[in-house]
Amino acid sequence: AAITVEPQKAKPISDMLVGVFFEDINYAADGGLYGELIQNRDFEYQLTDKKGRDKSWNSTHSWKLTGDNSTFTIDSVSPIHPNNSHYAVLNTQVPGAALINAGFDGIAVKAGEKYNFSVFTKQLNGHAGKLLVRLVSDKGGVLAQATINVANTQWKAQAAVLTASASATDVHLELTPQTSGRLALDMLSLFPQKTFKSRKNGMRADLAQAIADIHPRFVRFPGGCVSHGDGLANIYRWKNTIGTLEARKPQRNIWNYHQSAGLGYFEYFQFCEDIGAQPVPVVAAGVPCQNSSTGGNGQQGGIPMSEMNAYVQDILDLVEYANGDVSTTWGKKRAEAGHPKPFNLKYIGIGNEDLITDVFEERFAMIYKAMKRVHPEITVIGTVGPFFEGTDYDEGWDVATRMHVPMVDEHYYETSGWFINNQDFYDKYDRSKSKVYLGEYAAHLPGSKTNLETALAEALYLTSLERNGDVVSMSSYAPLLAREGHTQWNPDMIYFNNSEVKPTVAYYVQQLYGQNAGNQYLPSTVALSDTHTAVTKRVGISVVRDSQTQDLIVKLANLLPVAVHSNVDLKGISVANQKAVATILQGNPAGKDAKPVESTINVANKFTADLPAYSFTVIRIKTK
Ligand code: AHR
């Protein structure tokens, strides 16, 4: 192939192109990124969390009593906080029985590492007592233990540090009262001290690091469908997710499980800051998922108009929580949580894949106008609704165009063939209209699988996003995380279990783009000897420049079953270092294990590059 770069036609593109989409789907939050190791720590799992009503899904889920002469019941007579109404009561006649938490498919600990245990306790019959807390491995026996005093007759927070004597993945938490009597327990928590950046109530370090390694420019949260919820009562309300953990409001997760809200808005903002990414919260546009009603009576509706002013205020308050100074009501709450400095929020998504109806439009308009009036500094991202085979975004775009919404969120999950054949999707977009945030996309094989071919289709499509980086401002692959054995959606970018993180090939494509972003696009032409469209569509190039480092980054995707020998002509751009790093992801298109491999290649104003069959190559050239 003859590849000719046209530096004189360079244009600025978004420097926010690659970010991540975080949704609490597939146990991505509790049992995932959120570092908590105890499942159902607050005894708030409810039968109604799950469709199909699994009978074991109740306040005792993940807990069991072993031993005799004791009972374990759930009470709600005098909770620590009304938002966390259930707690456990252990009635010990003869000491010996233990209350056990199974964690999320067990608990994994590492030898020598410290774990912060905490609990609220209250003696119900008022005598002195002690509680033995142990980490016990099924195979390896007791790995850590501590004893805490539980003589208090009012709810009191207690804590102990447990140091694991060995590594194990089959651990459970065991609590054994040392005296007889009735003891109330709630908010039982176990956190590794080594959370990401050692944050209290922080993130699981290895998963957080994998996300950070993408170098995402932004993190969208908390969804997806989780943002707008399953009926009005299930709309994600950010105010329920801040403050002390015992006062947060847990709720049903639209993906058929439970959200503890331990990973809440403060933690999301903190995480974004910790990885140098812009926070992009997405709030409901006053309507739940597909405008679903509260009572399951089939009616479609939104938040009653009489309640919309309060709802709009909640969203304005969110901006104050993120950015207001400490003298403001919500800025003060952020400071109390440990972050007096603003989080520098710049974007808010309003709506997620909603049905574009009058009900939607009326509520979206209210929120949008209020945001524009009170917070013109915030870029609002609207939604253009769902995109399924045979549908289009017309109604959503009409609303956005009429209201001059600065950016809209588009979603599509399609086959590799669709991505290969639609590389011109944004070439045709009207530059005078809203910018685009491609908030969810992934190439799927039938059966929702992923492999090198789907990842390369995404890499190829991303060359077209860079080319259209003047209209496409942001993009995020979706979903991000999936816990093995608890996956509602496939494919996902990163799979994991308690001790392993398993990035997919799609992850490496995102990482190569995230780590090699630019803010200037240099058009280029590719001339292949075989000019059949079916062939030419399978080779893509994008050349960008990072104006900070002045590095020139050449990305080349080859989805052909043969290698493509390329002569690259940089047309006068002078190369400062004749050695450049080339990173190549290649392999069997049906394979799932390809990893990027780095090598050094020789570059000059004119150079050759061999693109292996089924490969994605990134060449980083120094020009300064
Ligand atoms: O990414 C999974 C789901 O796909 C999101 O929650 C939703 O927005 C979309 O339908």
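Trainee: How many bridges join strand β8 and β13, and in which sense do they pair?

Mentor: Two strands pair if DSSP finds at least two bridges between them. Strands (E, at least two residues) and helices (H or I, at least four) are DSSP runs, numbered from the N terminus. In this predicted model, strand β8 (residues 107-109) and β13 pair in the antiparallel sense over 2 bridges. V109 stands opposite A168 in β13.

Trainee: How is the numbering set, and which parts of the model count?

Mentor: Residues are numbered from 1 along each chain as its sequence is written. The model is predicted, and local features need pLDDT of at least 70, side-chain atom pairs count only at pLDDT 80 or more, and totals for chains, interfaces and linings use all residues.

Trainee: Over how many bridges does strand β10 pair with β13?

Mentor: Strand β10 (residues 130-137) pairs with β13 in the antiparallel sense over 7 bridges, and L131 stands opposite P177. Strand β7 (residues 98-101) also pairs with β13 (residues 168-177) in the antiparallel sense, over 3 bridges. There, N101 stands opposite L173.

Trainee: Is helix α4 mostly covered or mostly uncovered?

Mentor: A residue is buried if 20 or more other C-beta atoms lie within 10 Å of its own, exposed if 12 or fewer, and partly exposed in between, with C-beta atoms placed from the backbone. Helix α4 (residues 265-274) is mostly covered, with 8 of its 10 residues buried. Among them are Y265, F266 and F269. The cover over the buried residues of α4 includes α2 (205-212), β15 (218-221), β18 (278-283) and α5 (305-323). After α4 comes G276, with a positive phi near 70 degrees.

Trainee: What share of the 624 residues of the protein counts as buried?

Mentor: For the protein, 50% of the 624 residues count as buried.

Trainee: Which residues surround the ligand?

Mentor: A residue is near a molecule if its C-beta atom, placed from the backbone, lies within 6 Å of it. The ligand is surrounded by residues including E23, I25, H411 and W489. Types are assigned as follows: Ala, Val, Leu, Ile, Met, Phe, Trp, Tyr, Cys and Pro count as nonpolar, Asp, Glu, Lys and Arg as charged, and the others, Gly among them, as polar. The shell around the ligand divides into 5 nonpolar, 4 polar and 3 charged residues.

Trainee: What does the C-alpha trace of the protein span along its principal axes?

Mentor: The C-alpha trace spans about 85 × 60 × 45 Å along those axes.

Technical notes. Contact = placed C-beta atoms within 7 Å.
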